[in-house]
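Good morning, and thank you for the time.

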Amino acid sequence: HDEIQRQGLLQTNVVLGTSLLDMYAKCNALGKAQEVFDSLPFRDVVAWNALISGYVQQGLCDNALNCFQVMQDEGISANETTFSCILRACGALEYLEMGEHVHVQIRKRGLVGRNIILDNAIVDMYIKCQMLGKAEDVFNELPVRDVVTWNSIISGYSRYGLYEDAIFHFVQMKKEGVLPDSLSVC
């Protein structure tokens, strides 16, 4: 970082700056990540995603949601990565209303069913917000469901004591040819 600053590269290379802030975020040095972010002359969606993701990964979900709001206020359009991170934050905080708002944005942009990570984040957010019916609705409309999708719905039903529903989905997963993993059987 010192060498990058000495050469003045942060002012001319957004990719390098974003990589640096991502490194700090992944090293749990979010103060430094925020400093690098604030010093960038131009902040694109990738830079915002690196910062938002860092906050979510460290459990600072309110900070992530604040960043998301500022990002939108600055006219930066969210992408699948942004939405996935924000849905994780909404689920962790059980912010159903915000999660539903993000889900509406995702639908309006035609993104449901196009990115399995995003699709899984939607299902998981509804489960964590105790909205199993909505999670099931999204789950049923997905064209592709991987083991993560199945694990989310199975664990969601188990978490709330709906063991018959969990077992039903486990059996369905196997019928659809998705191989269970160690999380599927917990």
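First, the basis. This is a predicted model, in which local features need pLDDT of at least 70 and side-chain atom pairs count only at pLDDT 80 or more, while totals for chains, interfaces and linings use all residues. Residues are numbered from 1 along each chain as its sequence is written, and side-chain values use heavy atoms, with hydrogens and water left out.

Now the fold. The protein holds 11 helices and zero strands; helices (H or I, at least four residues) and strands (E, at least two) are DSSP runs, numbered from the N terminus. Along its principal axes, the C-alpha trace spans about 60 × 35 × 25 Å. Of the 186 residues, 42% count as buried. Here buried means under 20% relative accessible area, exposed means over 50%, and partly exposed lies in between, with a 1.4 Å probe and protein chains only.

Next, how do α5 and α7 cross? The axes of helix α5 (residues 61-73) and helix α7 (residues 96-108) come within 13 Å and cross at roughly 40°. Axes are lines fitted to C-alpha atoms, for helices over the stretch in contact, and angles run from 0 to 180 degrees between N-to-C directions. Helix α5 is therefore oblique to α7; angles under 35 degrees count as roughly parallel, over 145 as roughly antiparallel, 65 to 115 as roughly perpendicular, and the rest as oblique. The crossing of α5 and α7 is left-handed, meaning that the near helix is turned anticlockwise from the far one by less than a right angle.

Let me turn to single residues. Ala33 belongs to helix α3 (residues 30-39), and Ala33 is buried, because its relative accessible area is 0%. Asn28 is in the loop between α2 (14-26) and α3, whereas Gln130 is in the loop between α8 (116-128) and α9 (132-141). Gln130 counts as partly exposed, at 47% relative accessibility.

The structure holds six salt bridges, each a side-chain nitrogen of Lys or Arg within 4 Å of a carboxyl oxygen of Asp or Glu. One of them joins the side chains of Arg43 and Glu74, at 3.4 Å from N to O. This pair links distant parts of the chain, 31 residues apart: Arg43 is in the loop between α3 and α4 (45-57), and Glu74 in the loop between α5 and α6 (80-93). Arg43 is partly exposed at 22%, as is Glu74 at 42%.

Glu141 and Arg107 form another salt bridge, with their closest N and O atoms 2.9 Å apart. Here too distant parts are linked, with Glu141 in helix α9 and Arg107 in helix α7, 34 residues apart. By contrast, Asp124 and Lys128, which meet in a salt bridge of 2.9 Å, N to O, both lie in helix α8, four residues apart, about one turn of the helix.

Finally, the surface. Which residue of helix α11 (residues 163-175) deserves a mention? Ile167 is in that helix, and Ile167 is exposed, because its relative accessible area is 54%.
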